[in-house]
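Welcome, and thank you for opening the viewer. Please load the model and keep the selection tool at hand while we walk through it together.

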Amino acid sequence: MALLKVLAFAVLMGATVAAQSQTYGVGRTPTAEEIRAWDISIGPSGEELPPGRGTVREGAQLYLTKGCAGCHGASGLEGKAPILKSKNGANPDVWARGRILPIRAPFATTVWDYINRGMPLGREGTLTADEVYAITAYLLFINDVIREDEVLDAKTLPHVKMPIGNNYASLPDWKPRTPRLKGYPH
Amino acid sequence: MRSKRPDRRGFLKSGAALAGGLTFGATAPASAQTPASGQAHHSPPMIKEGKDEIAYGDRSKHVTSVRIAHGGRPSPDQWGLTFHIAAPLQDSVGVITPSSLHYIGTTRGSFLPDIDPREHRLMIHGLVDRPLTFTMDELKRLPSVTRIHFIECAGNRSSRRAKNVQETHGMTSCAEWTGVLLSTLLRECGLKSGATWFVAEGSEEVKGASSMPIAKAMDDCIIAYGMNGEAVRPQQGFPLRLMVPGFEGIFHTKWLRRIKIVDRYYMNYNDYGHLDRDPKVAALDYQIGPKSVITFPSGGQQLPGRGFYEISGLAWSGGGAIKLVEVSTDGGKRWNKAEIKGTAQRMAHARFGYMWNWDGQPTELLSRCTDEIGQVQPSRAQIAKYWNRPFDATFSVPGLDNSIQPWRIASDGSVTNGFA
């Protein structure tokens with residue numbers, strides 16, 4: 001009886017603690033599978049990358065068969081959509097090579113993330129993980145970021161050394177009610 | 001009896017005319033019944049209202065102000081994507097942009113998703129104690145806020161080629177937004193230590209995503225379902241839009257479906273677009289600086305002649321509320337305090353006015369504003385000096401351009417872009 005009372009008290013306390021930490025109790029807890037299915041944000045560490053692999057050669061094929069060439073041009077230069085290969089690829093100043101995703105992105109995961117979420121136009125989300133790895137590999141290869149024989153997967157992709165390195169400004173440490181840039185311009 | 005009735009009608013009609021120019025009853029030739037007041041009893045043609053107009057009203061057919069494609073890329077474009085659309089600020093009154101005229105920006109061009117709100121979910125997950133998903137009905141049960149905020153696209157900059165204020169400044173608008181504070185939802189989920197950034201993601205085909213500091217989330221971000229008294233429009237993110245008051249437009253994630261709490265800048269596609277070489281430029285790329293523009297008289301408009309005009313314009317800042325607006329009617333030699341209409345809200349357009357008697361001489365009109373944290377809108381010459389660059393025709397303002405816009409008044413009353 002005494003034990004039951006203590007138990008009941010503990011349950012009550014537990015309920016109180018839960019109620020305090022979640023003020024309104026509105027909303028539902030998603031399952032781990034639901035989160036996995038929705039979570040397409042691939043951070044620089046690549047921890048969210050799905051299993052799969054792709055080669056430069058497979059990517060070259062997919063670039064044609066998936067319609068990439070239709071908008072971006074057969075070589076990534078002559079399409080109506082943004083170019084995918086630098087016209088100035090030999091320039092030692094990476095910033096001078098142009099705003100080309102597979103060159104200027106500081107992490108290869110950024111390239112993977114964008115192809116996966118945003119391509120091909122009108123059929124977004126239809127590429128398999130293998131296909132995204134392969135097209136990423138191909139775009140990095142045509143910009144001399146990786147070698148032709150490299151294979152990209154969840155392990156290797158985050159370690160690709162991007163040409164821009166750390167050669168970009170760190171992000172502003174934003175604080176509320178603070179000028180965006182002290183002393184600008186008066 | 002019968003002979004008296006026309007007299008009574010005549011009396012009623014003249015009374016109405018005195019009260020406000022209204023007429024009722026049958027219209028007779030004005031000359032026959034116009035009383036001593038001398039006012040013509042002219043009735044305008046009537047608008048025949050159909051069911052559609054009764055259900056959801058239209059503006060007058062005589063009001064023809066419309067949005068235009070911005071920056072030379074048509075919308076819809078060759079793929080059917082909506083890109084950048086500018087609001088007709090030259091016709092604006094007050095501070096609220098009607099939802100139908102609110103500017104549109106999309107991250108790379110977008111097809112507008114047609115979302116069934118009953119199916120829509122917002123998921124919050126990542127570095128939280130309790131990941132949660134919310135239906136629209138659940139979000140509407142939570143404590144709400146209603147606030148007026150502007151949004152401005154980072155590409156909103158004047159150029160020598162721009163003819164009018166729609167082309168120079170039309171990529172900003174201001175609306176009343178209603179929704180739940182993001183901080184309310186994040187407290188429900190419980191932030192874990194190390195939660196320093198968040199990624200917001202839309203439901204459109206490109207799933208546009210941006211990384212933002214968690215300090216902003218806890219300060220004033222709104223998960224908005226209401227806009228100008230009704231549901232957020234599809235072009236603005238129906239059924240949910242993330243409002244990030246004072247930050248560049250791209251952060252205001254439309255068709256919001258997911259917020260992920262993370263421990264670092266995630267460098268997804270929209271973030272990559274914000275990369276800069278110079279930290280000073282990077283600092284100018286998040287929070288919008290103090291900015292104002294005169295909307296009347298502005299480029300392409302015509303003053304009928306010398307005499308009185310109320311100069312009118314808009315001022316806003318990502319740093320807070322507008323504290324002061326000044327107008328110069330002599331090309332910047334003297335600055336005069338303008339009147340702010342009503343109470344300026346934080347991160348909202350403020351309407352200002354300045355009484356001006358034009359003497360008919362050519363001149364230049366300018367406006368500049370100061371916000372509540374003391375930031376002052378600069379001229380392009382001041383910005384060029386800051387960057388140690390010559391101020392000539394090739395000078396382009398780094399980061400978001402908040403420089404002073406000059407409007408030139410010619411002696412014939414025509415108004416043109418002072419940068420041209």
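This is a predicted model: local features need pLDDT of at least 70, side-chain atom pairs count only at pLDDT 80 or more; totals for chains, interfaces and linings use all residues.

Two residues are in contact if their C-beta atoms, placed from the backbone, lie within 7 Å.

**Stop 1: chain A as a whole**

Now select chain A alone. Its secondary structure consists of 7 helices and 2 strands, and along the sequence the pattern reads α-α-β-α-α-α-α-α-β. Of the 186 residues in chain A, 32% are buried. Among the contacts in chain A with a separation of 6 or more, 61% are between residues 24 or more positions apart.

**Stop 2: a helix pair in chain A**

Select helix H3 (residues 56-65) and helix H7 (residues 129-142) of chain A. Their axes are 7 Å apart and the helices pack at an angle of about 95°. Angles of 65 to 115 degrees count as roughly perpendicular, and H3(A) and H7(A) are therefore roughly perpendicular to each other. To see the contact, show side chains on both helices: H3(A) brings residues including Val56(A), Leu62(A) and Tyr63(A), while those of H7(A) include Ile135(A), Tyr138(A) and Phe141(A). The residues of this contact divide into 9 nonpolar, 2 charged and 1 polar.

Which residues of H3(A) are buried? They are Val56(A), Gly59(A), Leu62(A) and Tyr63(A). An α-helix has 3.6 residues a turn, so residues three or four places apart point the same way. Turn to the other side of H3(A) and you will find Leu64(A) and Thr65(A) exposed. The cover over the buried residues of H3(A) includes strand S1 (53-55), helix H4 (68-72) and H7 of chain A. After H3(A) comes Gly67(A), with a positive phi near 90°.

**Stop 3: a sheet in chain B**

Move over to chain B and select strands S15, S16, S19, S20 and S21. These 5 strands form an open sheet with antiparallel pairing, in the order S16-S15-S19-S20-S21. Strand S16 (336-337) and strand S21 (415-417) of chain B stand at the edges with a single partner strand each, so one side of each is left without a neighbour in the sheet. Zoom in on strand S19 (residues 363-371) and strand S20 (residues 407-409) of chain B, which are antiparallel and joined by 3 bridges. Here Leu365(B) stands opposite Trp407(B) in S20(B).

**Stop 4: backbone details in chain B**

Most residues other than glycine have a negative phi, and most peptide bonds are trans. Our last selections depart from that pattern.

- Ser75(B) and Pro76(B): the peptide bond between them is cis, with omega near -5°. Pro76(B) is in the loop between strand S1 (68-69) and strand S2 (85-86) of chain B.
- Phe238(B) and Pro239(B): a cis peptide bond joins them, with omega about 5°.
- Lys207(B): phi is positive, near 50°. With 24 C-beta neighbours inside 10 Å, Lys207(B) counts as buried.
- Asn228(B): phi is positive, near 50°. Asn228(B) has 20 C-beta neighbours inside 10 Å and therefore counts as buried.

Terms used
Residues are numbered from 1 along each chain as its sequence is written. Chains are lettered from A and ligands numbered from 1 in the order in which they are written. Helices (H or I, at least four residues) and strands (E, at least two) are DSSP runs, numbered from the N terminus. A residue is buried if 20 or more other C-beta atoms lie within 10 Å of its own, exposed if 12 or fewer, and partly exposed in between; C-beta atoms are placed from the backbone. Axes are lines fitted to C-alpha atoms, for helices over the stretch in contact, and angles run from 0 to 180 degrees between N-to-C directions. Angles under 35 degrees count as roughly parallel, over 145 as roughly antiparallel, 65 to 115 as roughly perpendicular and the rest as oblique. Ala, Val, Leu, Ile, Met, Phe, Trp, Tyr, Cys and Pro count as nonpolar, Asp, Glu, Lys and Arg as charged, and the others, Gly among them, as polar. Two strands pair if DSSP finds at least two bridges between them.
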